[in-house]
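This report looks at side-chain pairs that link separate parts of a chain. Please keep the model at hand while reading.

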Amino acid sequence: AWLASAGLLGAPAMAAELDQASSLKIEVHGTVTERCAISSPGDVNLGNLNQAGRHTELKFGLDCNVPFNMTVAAERGALANREFPLGQGPYAGSLPYQFDLSIPVRKPSSSTVTRSFKSSDLVGGGQSFSSGGGIATQGMDARVTLGRAGGIAGLLGGDYSETINI
């Protein structure tokens with residue numbers, strides 16, 4: 001008998017606590033790992049450099065599930081002759097270029113971030129820009145367009161190279 005009455009006394013107190021609560025707040029937590037990855041299109045052979053205005057299109061893999069900042073920097077700021085980057089006599093040893101980027105982003109609507117750089121602007125610390133709050137899931141397109149050689153006789157013969165860091 002004593003146990004039955006103790007059980008009955010506990011029930012009304014519990015019901016009174018429920019009656020006083022008009023709302024309940026439950027916090028739920030989780031995490032999604034931030035990721036931003038880029039893949040290279042590999043080395044690019046531009047062929048005959050004597051054709052000013054010649055260009056090549058590059059496709060990079062770019063997948064960022066967070067807004068990002070990107071820096072583009074160049075080693076020399078021009079395609080340079082491997083043996084004589086300063087040229088010889090009337091022949092130039094370097095060739096400027098333009099580097100254009102196009103990145104589809106979502107924030108939540110779709111848009112495109114575009115940037116154009118003269119090769120000479122990419123030396124030193126390079127140039128930085130933001131995705132403007134967007135994320136990237138569709139890669140990045142780039143275009144390298146050759147400029148004109150500065151020497152009066154054109155380019156010095158030989159192999160030319162440049163390294164662009166993104």
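## Cysteine and aromatic pairs

At 0% relative accessibility, Cys64 counts as buried, where buried means under 20% relative accessible area, exposed over 50% and partly exposed in between, with a 1.4 Å probe and protein chains only. Cys36, at 46% relative accessibility, counts as partly exposed.

This is a predicted model, in which local features need pLDDT of at least 70 and side-chain atom pairs count only at pLDDT 80 or more, while totals for chains, interfaces and linings use all residues. Residues are numbered from 1 along each chain as its sequence is written, and side-chain values use heavy atoms, with hydrogens and water left out.

The structure holds one disulfide, a term that stands for a pair of cysteine sulfur atoms within 2.5 Å. The torsion about the S-S bond of Cys36 and Cys64 is about 55°, so the disulfide is right-handed.

| Pair | Distance |
|---|---|
| Cys36 and Cys64 | sulfur atoms 1.8 Å apart |
| Phe117 and Phe129 | 6.2 Å centre to centre |

One aromatic pair is counted, the rule being that rings of Phe, Tyr and Trp (its six-membered ring) pair if their centres lie within 6.5 Å, with planes under 30 degrees apart counted as stacked, over 60 as edge-to-face and the rest as tilted. Phe117 and Phe129 form this pair, which is tilted, with 35° between the planes. Since Phe117 lies in strand β7 (residues 110-118) and Phe129 in strand β8 (residues 127-130), the pair ties together parts that are twelve residues apart in sequence. Both Phe117 and Phe129 are buried.

Notes. Helix = DSSP H or I, 4+ residues; strand = E, 2+ residues; numbered from the N terminus.
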